[in-house]
Amino acid sequence: MAPHDADPRHAHPNDGFPAQEQDQPGQTDQMRPKPDHGETTDEGHGRLSGRRALITGGDSGIGRAVAIAFAREGADVAIVHMPEEQGDADETLRWVREAGRTGLSIAGDIRDEDFATRCVADVRSAFGGLDTLVLNAGYQHDVDGFETLSTDAMRRVFDTNLAGMIFSARAAFAELEPGSSITVTASIQSFNPSPGLIDYAMTKAAQVAFVKALAEEAGPRGIRVNAVAPGPIWTPLIPGTGWDADKVRNFGADTPLGRAGQPAELAGAYVYLASGESSYVSGAVLPVTGGKAL
């Protein structure tokens with residue numbers, strides 16, 4: 001993370017991104033420039049000591065940054081990822097283990113109800129329990145006019161961002177103990193939807209409703225449920241969205257800070273929401289948007 005006195009406009013590169021495109025799920029090593037996940041800058045302070053965390057979509061992007069930060073704060077970390085993302089997952093686990101924590105990689109597709117349910121049981125078995133759940137896996141694609149919206153692509157968005165999230169949360173919920181937390185990766189699109197991401201934005205708005213409703217039910221059990229709403233963050237999802245060169249080049253330039261964010265700049269929000277420092281925070285949506293209002 002940037003020094004506390006750094007100019008936030010220039011804490012990370014702000015001169016645009018070269019044209020690039022990938023098929024989803026994207027791969028970190030194909031990105032130019034490589035995202036900053038806090039590998040060399042994040043410092044832990046024991047705020048999650050003894051925690052046992054599961055992060056869906058934990059192999060790259062925001063998920064990797066959160067995994068690294070959680071491990072350096074003292075948590076054991078399991079990540080769920082697609083089988084074709086194993087290379088990214090292995091790199092994430094390397095950083096988790098270098099922090100002296102146990103790391104676990106579980107390959108599969110959370111759209112599959114059996115897998116999404118089973119991976120929760122696998123984490124509990126490996127770690128002796130689960131108390132920190134980060135529902136981060138997501139999918140988006142460019143929609144070039146509403147009339148061109150593909151049914152198959154729409155269903156992939158809905159099944160990944162909503163059904164997969166619910167399957168994993170439901171499997172974990174009954175056995176979570178007081179002091180546990182659930183954090184969902186929502187989006188600025190929850191509140192300020194773009195027509196080119198119409199189906200994605202719909203799912204992100206639904207995630208906010210999920211967080212608020214579940215927080216009401218979970219609170220009497222001593223469980224907190226919150227969301228982080230990222231703005232434009234440079235992750236493999238971006239070159240995999242299908243945008244043209246101009247849109248990739250100017251990605252994030254329309255924020256008040258004038259640039260896209262890096263995954264490392266999100267990690268502190270997740271640490272805060274998982275830690276005792278946020279003991280009176282539930283049902284909240286924490287924006288990390290470069291100054292864009294929700």
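Predicted model: local features only at pLDDT ≥ 70, side-chain atom pairs only at ≥ 80, totals over all residues.
## Contacts around Arg 111

Two residues are in contact when heavy atoms of one lie within 4.5 Å of heavy atoms of the other. Leaving out residues up to four places away in sequence, Arg 111 touches Met 82, Arg 156, Asp 159, Thr 160 and Phe 167. Arg 111 sits in the loop that links strand E3 to helix H3 (113–127).

Is Arg 111 buried, exposed or partly exposed? Its relative accessibility is 31%, so Arg 111 counts as partly exposed. For a sense of distance, take Phe 146: Arg 111 and Phe 146 are 35 residues apart in sequence, and their C-alpha atoms are 24 Å apart in space.

## The sheet

Now to the sheet itself. Seven strands make up an open sheet with parallel pairing, and their order is E3-E2-E1-E4-E5-E6-E7. Which strands stand at the edges? They are E3 (103–107) and E7 (285–288); each has a single partner strand, so one side of each is left without a neighbour in the sheet. From one strand to the next, the twist averages 15 degrees.

Helix H1 (residues 61–72) packs on this sheet and touches strands E1 (52–56), E2 (76–81), E4, E5 and E6 (224–230). The direction of H1 makes about 170 degrees with that of E1. Helix H2 (residues 86–98) also packs on the sheet, where it touches E2 and E3. Between the directions of H2 and E3 the angle is about 165 degrees.

## Strands E4 and E5

Strand E4 (residues 132–135) and strand E5 (residues 181–185) run parallel and are joined by four bridges. Leu 133 stands opposite Ile 182 of E5, and Leu 135 has Val 184 in E5 as its bridge partner.

How many of the five residues of E5 are buried? Five of the five are, so E5 is largely enclosed by the rest of the structure. Ser 181, Thr 183 and Thr 185 point one way from E5, while Ile 182 and Val 184 point the other way; all are buried.

## Helices H1 and H2

The axes of H1 and H2 come within 8 Å and cross at roughly 20 degrees. That angle makes H1 roughly parallel to H2, because angles under 35 degrees count as such. The crossing of H1 past H2 is right-handed.

From H1, the residues involved are Arg 64, Ala 67, Ile 68, Ala 71 and Arg 72, which meet Asp 88, Glu 91, Thr 92, Trp 95 and Val 96 of H2. Sorted by class, the residues of this contact are five nonpolar, one polar and four charged.

## Helices H3 and H4

H3 and H4 have axes 8 Å apart and pack at an angle of about 40 degrees, which makes H3 oblique to H4. Their crossing is right-handed.

On the H3 side, Glu 113, Ala 116, Thr 117, Val 120 and Arg 124 take part. They meet Gly 164, Phe 167, Ser 168, Arg 170, Ala 171 and Ala 172 in H4. This contact holds five nonpolar, three polar and three charged residues.

Thr 92 belongs to helix H2. With a relative accessible area of 0%, Thr 92 is buried. Which residues does Thr 92 touch, not counting those up to four places away in sequence? They are Gly 58, Asp 59, Ser 60, Arg 64, Ala 67 and Ile 79.

Thr 255 lies in the loop between helix H6 (245–249) and helix H7 (264–274). Its relative accessibility is 6%, so Thr 255 counts as buried. Apart from neighbours within four places in sequence, Thr 255 is in contact with Pro 232, Thr 289, Gly 290 and Lys 292.

Asp 144 is found in the loop between E4 and helix H4 (151–173). At a relative accessible area of 61%, Asp 144 is exposed. Asp 144 and Gly 196 are 52 residues apart along the chain, and their C-alpha atoms are separated by 6.1 Å.

Methods:
Residues numbered from 1 in each chain as written. Heavy atoms only, no water. Pairing = 2+ DSSP bridges. Helix = DSSP H or I, 4+ residues; strand = E, 2+ residues; numbered from the N terminus. Axes fitted to C-alpha atoms, helices over the stretch in contact; angles between N-to-C directions. Parallel < 35°, antiparallel > 145°, perpendicular 65-115°, else oblique. Left-handed = near helix turned anticlockwise from the far one by under 90°. Nonpolar A, V, L, I, M, F, W, Y, C, P; charged D, E, K, R; others polar. Buried < 20%, exposed > 50% of the residue type's maximum accessible area, 1.4 Å probe, protein only.
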